[in-house]
Amino acid sequence: MPKADPERVVALIVAAGRGVRAGGGIPKQYRAVAGKAIIRHTAERFAAHPRIDAVAVVIHPDDRALYDEALAGLEGLAAPVAGGASRQESVLAGLEALAGLSPDRVLIHDAVRPFASHGLIDRVIDALDEAEAALAASPVTDTLKRGAEDIVADTVPREGLFAAETPQGFRFAAILDAHRRAAEAGIPVTDDASIAEWAGIAVRLVPGERGNAKLTTPEDIAMAEERLNPSLPRETRVGTGYDVHPFTDGDAVWLGGIRIPYGKRLAGHSDADVALHALTDAVLGAIAEGDIGTHFPPSDPQWRGASSDRFLAHAVKLLRARGGRILNLDLAIVAEGPKVGPHRDAMRARIAEIAGVGIGRVAVKATTNEKLGFVGRGEGIAAIGTASVSLPASEDES
Ligand SMILES: Nc1ccn([C@@H]2O[C@H](COP(=O)(O)OP(=O)(O)OP(=O)(O)O)[C@@H](O)[C@H]2O)c(=O)n1
Ligand SMILES: C[C@](O)(CO)[C@H](O)COP(=O)(O)O
């Protein structure tokens, strides 16, 4: 039986981050997981909770169109608030915007924690009956090491240590005042309970949930896909791409998203990154979405000199829009030069970043053409890309 709250409870969801560690072309909170943007999964949980009276979201000013698309039609949302350069600034901006509503309690939550359960939200709200601040947190279970570079310095006793989660709940007036004062004093923090601690407010520990993960890396997002879509049968598909660009006068080539100084450059309408073009076609091939020329016609002047990053990012976005994800990308570069080996890991890292996957899912290989043919004569570079992807099987069974 849900408890009747005499007090007004609002949820403040912070979503103004850039999601740099997750990669993937757009901020992670707007990436589709199980057919819906992550932020929508999160906001729906709070909007549907019977004890939450209103939900306000803090967004980056550049993300208004993404926000409108992701949360279209969801009821119970206040107007979005513009965030700041840090999470702390974004929370303060959200609290200031809510001040006019004069809520009694506020639950501050990361947009990228889509698994907070109904029961966890209840526990945090309940804790505010007796405390001014409540923190969802789980005891640390791993053995903790302090390290410098790749050497362990010592072992940190884990007794009494908790990993902080969100939601974190507060008496609204107390946390607004504390946040304002911390900003004035220039106290940097990574969560809001820290602000309460700094202000001398006792923070009640509420049992968190190990499943209430913050989606930070590409692997976290792949895990979320599996969890949010456990029953949906999936299928694996493979796509291939092939591309060639000739050399012309210049001093560097773009290859695998990396600029490599060289005595020539590759000619083409865009930056002529033959490797990214092959991978783009491989991803498009896996979802039967035409080829790179279909989406970025060479006749269109807007793609003149364009960075090929956006071609691959676009193909990955189309894949994600179908609830798909990349399993692996495999690239073979055929060239007499430049040497790929010294740049292999930088290329893998860049491709992984553009595609929003872990580097372990990206392979870059190179070979010469044994002096045969146009590649062998040093007239150009060829590349072959392969992508394997996982898609909801129900997406297209025909
Ligand atoms: N200036 C910021 C930075 C972060 N956040 C939000 O705070 C939550 C937790 O932050 P984190 O996971 O670190 O997200 P990002 O800052 O986006 O990630 P990264 O550090 O990888 O860029 C996210 O919902 C994020 O959108 C925010 O509202 N405003
Ligand atoms: C608030 C938080 O979710 C608590 O775990 C976390 O600190 C926010 O993420 P960040 O990477 O520290 O910004």
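## Structural report on a predicted two-ligand protein model

Helix H8, residues 274–286, contains 13 residues and extends 19 Å between its first and last C-alpha atoms, close to the expected 18 Å at 1.5 Å a residue; the expected span is 1.5 Å times one less than the number of residues. Helices (H or I, at least four residues) and strands (E, at least two) are DSSP runs numbered from the N terminus. Of the 13 residues of H8, 13 are buried, so the helix is largely enclosed by the rest of the structure. A residue is buried if 20 or more other C-beta atoms lie within 10 Å of its own, exposed if 12 or fewer, and partly exposed in between, with C-beta atoms placed from the backbone. Ala288, which follows H8, has a positive phi near 50°.

The model is predicted: local features need pLDDT of at least 70, side-chain atom pairs count only at pLDDT 80 or more, and totals for chains, interfaces and linings use all residues. Residues are numbered from 1 along each chain as its sequence is written, while chains are lettered from A and ligands numbered from 1 in the order in which they are written.

**Overall architecture.** The protein has 12 helices and 18 strands. Its C-alpha atoms fill a box of roughly 80 × 55 × 40 Å along the principal axes, and buried residues account for 43% of the 398 residues.

**Sheets.** Two strands pair if DSSP finds at least two bridges between them. One open sheet comprises 7 strands in the order S5-S4-S1-S6-S10-S7-S11, with mixed pairing. Its edges are strand S5 (81–82) and strand S11 (203–207); each has a single partner strand, so one side of each is left without a neighbour in the sheet. Within this sheet, S1 and strand S4 (residues 54–59) are parallel and share 6 bridges; Val14 has Val58 of S4 as its bridge partner.

An open sheet of 5 strands has the order S15-S12-S18-S16-S17, again with mixed pairing. Strand S15 (264–266) and strand S17 (362–367) are at the edges with a single partner strand each, so each has one side without a neighbour in the sheet. The twist averages 20° from one strand to the next, where axes are lines fitted to C-alpha atoms and angles run from 0 to 180 degrees between N-to-C directions. Strand S16 (residues 325–334) and strand S18 (residues 380–392) run antiparallel, joined by 9 bridges; Ala332 is bridged to Ile384 in S18.

**Ligand surroundings.** A residue belongs to a shell if its C-beta atom, placed from the backbone, lies within 6 Å of the molecule.

Ligand 1 is surrounded by 22 residues, the closest being Val14, Ala16, Gly17, Arg21 and Ser90. Strand S1 (9–15) and helix H3 (87–98) each contribute at least two residues to that shell. Around ligand 2 stand Arg87, Asp110, Ala164, Glu165, Thr166, Thr190, Asp191 and Lys214; strand S10 (residues 162–171) gives the most, with 3 residues.

**Helix H11.** Ile351 lies in helix H11 (residues 344–355) and counts as buried because it has 27 C-beta neighbours inside 10 Å. Its C-alpha atom is separated by 8.3 Å from that of Asp309, 42 residues apart along the chain.
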